[in-house]
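Welcome, and please take a look at the sequence and the structure below. The report that follows walks through some of the features one by one.

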Amino acid sequence: MKNKIVLLLLILTHTTTLSSQNYEVEIETLLKKMTLEEKVGQMNQYTGFFDVTGPAPADGDNKAKYDDIRNGRVGSMLNVRGAKQIREMQKLAVENSRLGIPILFGMDVIHGHKTIFPIPLAEAASWDLEAIEKAARVAAIEATAEGIHWTFAPMVDISRDARWGRVMEGAGEDPFLGSKIAVARVKGFQGDDLTASNTLAACVKHFAAYGFAESGKDYNTADIGSSTLHNVVLPPFKAAAEAGALTFMNSFNELNGIPATGDKYLQRDILKGEWGYDGMVVSDWGSITEMIAHGYAEDGKHAAFLAADAGSDMDMESHLYKLHLKELVEAGELDIAHIDDAVRRILRVKFKLGLFEDPYKYSDELREKNLLLHPDHMNAALDVAKKSIVLLKNENNFLPLAKTGKKIALIGPLGDDKTSPLGNWRLASDDGTASSVLEGLQSYAGNSIQFSKGINFASDPIHFVHELKINTEDRTGITEAVELAKGMDVVIMALGEHGVQSGEGRSRAHLGLPGLQQELLEAVYAVNKNIVLVLMNGRPLTIDWADKNLPAIVETWHLGSKSGNAIAQVIYGDYNPSGKLPMTFPKTIGQVPIYYNTKNTGRPGPIDLVFWSHYIDETNAPLYPFGHGLSYSDFSYSELNVARLAMSNSISVKLLLTNNSKVDGNEVVQLYIRDRVASVTRPIKELKGFEKVFLKAGETKQIQFTLTESELGFYNNQGKFIFEKGDFDIMVGGSSVGGLADTIKL
Ligand code: BGC
């Protein structure tokens, strides 16, 4: 009863102050009432009792967790979902703990919730910020209807290494595009009104440099210099912080010898210092404990000290804050100011979301029933899926296919798969709920479609948390597939990676088609060369053979719930593809890491001698460059006009874009710069603007950009943003290669 009164009082006092957004006073009042144990409790986050997204600590038994919830020793839970379940757990905290502080419920809502959108890398290929924001909004509407307050997204890690399985979760290799997408996602998740019951607090992760894991091996060391840190890694984080992201997550990796979780420079100096960030930082799963294995902390107590001291506000599943912080403060080893600062930040998130006003407002079973998988959400998923497809190759306009009178074979282990296209990181969605390529093609009745798997993808059942056992032996279906292909007008081959082959822990040392797929492809090719390769994958793959031999290749990533429908619409020309690669495709794994915004080096070549920066057994050029993507329209660029804006260090860039074809289409116009000479060398190309433009058949439009010091400047090695006058190359085109160019002096 006493607790209920306390809660009521809290609710009453908070209602008035919250309307004026003055929660800072409230936070101080509450902080004064809290015991040290209760403060530490707020810094403790447990996983729920069913979905597990990492290795569980030994003391993670459920009874102890429930006791902690009742006693105010839990600030947040992850992996609990369902309006009813969350309401019940929230009730335990709010009605039993002394101060009734609501729990913050978090979950990885990465690309949709129940309705699944394309994996983030695929969405990035749309270069369509509105569509990306919408996808995050829909995810927020569904997740919040299931009681969830907080998503561990967006992942804004820039990566240049396709071996790293988590590239599927980010926006690719470019900091400019990555920053724009980070902002769109934060806006989408958090909506316009933080106190609304469908606001999903964003968590910008992984701070920092996780995407620079050496050799693309997950959790591996990152060792990068100041220039790369400030110019490549940090910009999307900064943009997301400025867009109001409520939380950050640090990362598993060490950066230049310091595990990010214990890195003061990153968390206190840069994020909370220079950037003035007032949100909270959660550790990654168990990353506080992992500082012991890194060789940075002696034991659990030391690890807890290092993390709290460095500015990790909340402990995700290490259980070390709970065990050691009180003792550390009481012994005078850890400054209580750090605890207070962390608790303030955590409470601030709860206040901003309005949880003190109504801790149950997210748990609405009616909303849950009505909103999950809503037809509008499915339509949005289809829209983004179409926009995410990249037409990699289309010799002699092989695509689109005629809608009638064709005999078509669909071949490949992913052809009828209704789970793989959902991709990885989709905790709330059910297996078997994506539309398959087969279903998508069958929805066009005018052609005859026959299907053969050819091979099975895996030799064992596929499971989310276990290693995938790829089929490398069973070839029994290949003959049947080859027989089917004979005499067909077109063969569509659905090949690539299974949805669980990218994502966390899924680094690959080979980037070809896994298992027997290349063998199947070549066997079919031997009898029928009219092949459309529908590539399904979570990262760039080395498909050099396919590029050399096949007339058409369509990059479809893992497109989510409406995958098959989106693919069929592109194949039949009901949607004109407009996606552009957010990551470079290597020809061979030896070129990795490969990225467009490389430095020139002192020996860029080519020269006749051997002594220049190249491979003797492969060209430097990628298979498909960053920004590449074809269309059924034919666009041309002309009349580039580059001028200095009067009395300023700004540049106006104008050009004409023409659609020379008979098909309406979208083109992503890309603007790149090169700062010719600088006190810290600059890349040979840097994306600094883009616009997705719709052009009717035969139409011409003028496109205009303005470059200012913010686009023309860079971070020096002291992490200071500077602008230097000089010559700038200005390049525009439909890809990072080719296009129009001019040079201007500032
Ligand atoms: C991942 C995070 C994720 C967390 C919670 C970790 O293993 O690195 O990105 O948010 O688990 O599921």
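## A loop with a nonpolar patch

Ile607 sits in the loop that runs between helix 21 (563-571) and strand 17 (635-644). Helices (H or I, at least four residues) and strands (E, at least two) are DSSP runs, numbered from the N terminus. With a relative accessibility of 45%, Ile607 counts as partly exposed; buried means under 20% relative accessible area, exposed over 50%, and partly exposed in between (1.4 Å probe, protein chains only).

Ile607 also belongs to a nonpolar surface patch with Leu609, Val610, Phe611 and Ile616, and together they have about 550 Å² of accessible area. Patches are made of residues with over 30% relative accessible area and no salt bridge, where like charges are joined within 9 Å and nonpolar side chains (Val, Leu, Ile, Met, Phe, Trp, Tyr) within 5 Å. The areas come from the Shrake-Rupley method with a 1.4 Å probe, and for residues only the protein chains shown count as cover.

## About the model

This is a predicted model, in which local features need pLDDT of at least 70 and side-chain atom pairs count only at pLDDT 80 or more, while totals for chains, interfaces and linings use all residues. Residues are numbered from 1 along each chain as its sequence is written, and side-chain values use heavy atoms, with hydrogens and water left out.

Strands of a sheet pair through backbone hydrogen bonds, either parallel or antiparallel. Here, three strands make an open sheet in the order 17-18-21, with antiparallel pairing; two strands pair if DSSP finds at least two bridges between them. Strand 17 and strand 21 (700-707) are at the edges with a single partner strand each, so one side of each has no neighbour in the sheet. On average, neighbouring strands of this sheet are turned by 20° against each other, direction ignored. For such angles, axes are lines fitted to C-alpha atoms (for helices over the stretch in contact), and the angles run from 0 to 180 degrees between N-to-C directions.

Strand 18 (residues 651-659) pairs with strand 21 over eight bridges in the antiparallel sense, and Leu655 has Ile703 as its bridge partner in strand 21. Strand 17 and strand 18 are likewise antiparallel and pair over eight bridges, with Ser638 opposite Leu656 of strand 18. The hairpin of strand 17 and strand 18 has six residues between the strands, and Met647 takes a positive phi near 55° there. Seven of the nine residues of strand 18 are buried, so this strand is largely enclosed by the rest of the structure.

Another open sheet has four strands in the order 20-19-24-25, paired in the antiparallel sense. Its edge strands are strand 20 (686-695) and strand 25 (740-745), each of which pairs on one side only. Neighbouring strands in this sheet are turned by 20° against each other on average, direction ignored.

Strand 19 (residues 665-675) and strand 24 (residues 727-733) run antiparallel and are joined by six bridges. Leu671 has Val732 as its bridge partner in strand 24.

## Salt bridges

How many salt bridges does the structure hold? There are 46, where a salt bridge is a side-chain nitrogen of Lys or Arg within 4 Å of a carboxyl oxygen of Asp or Glu. One of them joins Lys205 and Glu169 (3.5 Å, N to O). The pair links distant parts of the chain, 36 residues apart: Lys205 is in strand 5 (residues 203-207), and Glu169 is in the loop between strand 4 (150-151) and helix 8 (175-190). Both Lys205 and Glu169 are buried.

Lys745 and Asp727 form another salt bridge (3.0 Å, N to O). Lys745 lies in strand 25 and Asp727 in strand 24, so the pair ties together parts that are 18 residues apart in sequence. Lys745 is exposed, with a relative accessible area of 60%, whereas Asp727 is partly exposed at 31% relative accessibility. Salt bridges that share partners also join Asp108, Arg166, Glu169, Lys205 and Glu504 into one network.

## A helix and a buried loop residue

Helix 5 (residues 83-96) has 14 residues, and its buried residues include Ile86, Met89 and Leu92. Elsewhere, Asn537 is in the loop between strand 15 (531-536) and helix 20 (544-549), and it counts as buried at 0% relative accessibility.

Note on methods
The expected span of a helix is 1.5 Å times one less than its number of residues.
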